Amino acid sequence: MMEKRENNHMQFVALEYLYVIFGSFFVAIGFNLFLLPNGVASGGVSGISTLTDELFGWEPAFVQGFLNVPLFIAGVAILGANFGLKSFLGTIMLPIFVYLTREWDPATLNPLLASVFGGILVGAGLGIVFRGRASTGGTDVAAAILHKFTGISLGICMAFIDGLIVTSAAFVFNLEHSLYALVGLFMTSRTIDIIQVGFTTSKNVMIITDNLEEMRKTIFEEIDRGVTILRGEGGYTRENRNIMMCVVDQKEFTKLTKTVNKVDSEAFVIAMSAAEVLGEGFKKQ
């Protein structure tokens with residue numbers, strides 16, 4: 001049993017390394033086929049390398065390597081050795097893939113299409129790397145260092161650094177290119193979210209009813225979902241109340257509300273989106 005568990009762990013770790021490698025490759029082709037040829041500097045170290053390529057003609061792969069590696073080392077020195085070997089692999093593999101794909105023909109020379117699809121590819125690549133519990137270094141490390149020394153929230157630090165890069169595109173290229181960069185940055189962030197939590201959202205439904213036992217049985221029989229009973233207290237009456245919590249797929253939500261209304265038309269129902277649900281009946285951990 002112990003040997004099987006160790007083998008499963010090794011396979012899981014190997015899969016994470018593959019995530020980092022393939023994710024870095026997707027980031028590279030998104031950069032070289034879409035963003036760089038169209039001057040879309042949509043944040044991050046790749047955005048900086050787009051600007052330096054336009055200003056000085058410096059090879060983007062070298063710029064990314066020269067920035068990523070020192071930032072990774074600084075991150076380990078200042079923030080601690082929590083980035084791990086997989087993140088170092090991502091830091092190295094990204095500029096290598098950028099260099100190997102530098103001669104590939106652009107997929108489009110339309111800046112709007114480039115910002116949309118380049119942003120999607122970069123976001124998909126980064127999302128895959130993140131699923132491997134790693135990073136590709138870059139400005140997220142710089143933001144973490146800035147956060148440590150200033151106390152400013154990490155999100156604001158990231159927005160500040162990426163904002164400087166996107167704003168710089170207006171001076172290096174023009175205002176229109178800066179707007180394209182914003183589109184690319186938005187597409188990247190949204191795609192990362194989709195890769196991380198998926199397209200499907202579930203609903204976390206809270207039900208307050210006086211017909212608790214009948215409601216529980218009906219949900220079991222008609223929806224085939226389990227429920228959790230929470231103990232609560234009325235804020236006004238101070239009476240003890242039972243709250244039923246049930247998580248369902250999006251497609252089951254309408255059926256659930258109809259079921260609740262059939263059992264108790266006076267029931268109080270609160271529905272909240274659940275971006276990711278792990279466990280029996282949903283995604284495996």
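Where is glycine 132 found?

A: Glycine 132 is found in the loop between helix 5 and helix 6. Before going on, please note that this is a predicted model, in which local features need pLDDT of at least 70 and side-chain atom pairs count only at pLDDT 80 or more, while totals for chains, interfaces and linings use all residues. Residues are numbered from 1 along each chain as its sequence is written, and side-chain values use heavy atoms, with hydrogens and water left out.

Back to our glycine. Glycine 132 has a relative accessible area of 0%, so it counts as buried (buried means under 20% relative accessible area, exposed over 50% and partly exposed in between, with a 1.4 Å probe and protein chains only). Leaving aside residues up to four places away in sequence, glycine 132 touches Glu16, Tyr19, Val20 and Lys86, where a contact means heavy atoms within 4.5 Å. Glycine 23 is 109 residues away from glycine 132 in sequence, but their C-alpha atoms are 8.9 Å apart in space. In the protein, 73% of the contacts with a separation of 6 or more come from residues 24 or more positions apart.

Helix 5 (111-131) and helix 6 (139-150) each supply at least two residues of the lining of the largest pocket, as do helix 2, helix 3, helix 7 and helix 8. Helices (H or I, at least four residues) and strands (E, at least two) are DSSP runs, numbered from the N terminus. A pocket is an open set of points on a 1 Å grid over the protein atoms alone, where a 1.4 Å probe fits and protein lies on both sides within 12 Å along at least five of seven lines; lining residues have an atom within 4 Å of a point. The largest pocket holds about 580 Å³ of space. Its lining has 27 residues, and Gly44, Leu126, Thr139, Asp140 and Met158 are the closest to its centre. Sorted by class, the lining has 13 nonpolar, 12 polar and 2 charged residues.

How does this fit into the whole? The protein has 10 helices and 4 strands, in the order α-α-α-α-α-α-α-α-β-α-β-β-α-β along the sequence. Of its 285 residues, 41% are buried.

Strand 1 is largely enclosed by the rest of the structure, because 6 of its 7 residues are buried. Strand 1 pairs with strand 3 in the antiparallel sense over 7 bridges (two strands pair if DSSP finds at least two bridges between them). Another 7 bridges join strand 1 to strand 4, also antiparallel. Methionine 206 has methionine 245 of strand 3 as its bridge partner, and valine 205 stands opposite alanine 271 in strand 4. Strand 2 pairs with strand 3 in the antiparallel sense over 6 bridges, and the bridge partner of threonine 228 is again methionine 245.

Finally, look at helix 9, where Leu212, Met215, Thr218 and Ile219 are buried. These residues cover an arc of only 130 degrees around the axis, so they lie on the same side of helix 9; the arc is that of the directions from the helix axis to the C-beta atoms. Strand 1, strand 2, strand 3 and helix 10 are among what covers them.

Definitions and conventions: Points joined across faces, edges and corners; volume = space filled by probe spheres on them. Nonpolar A, V, L, I, M, F, W, Y, C, P; charged D, E, K, R; others polar.
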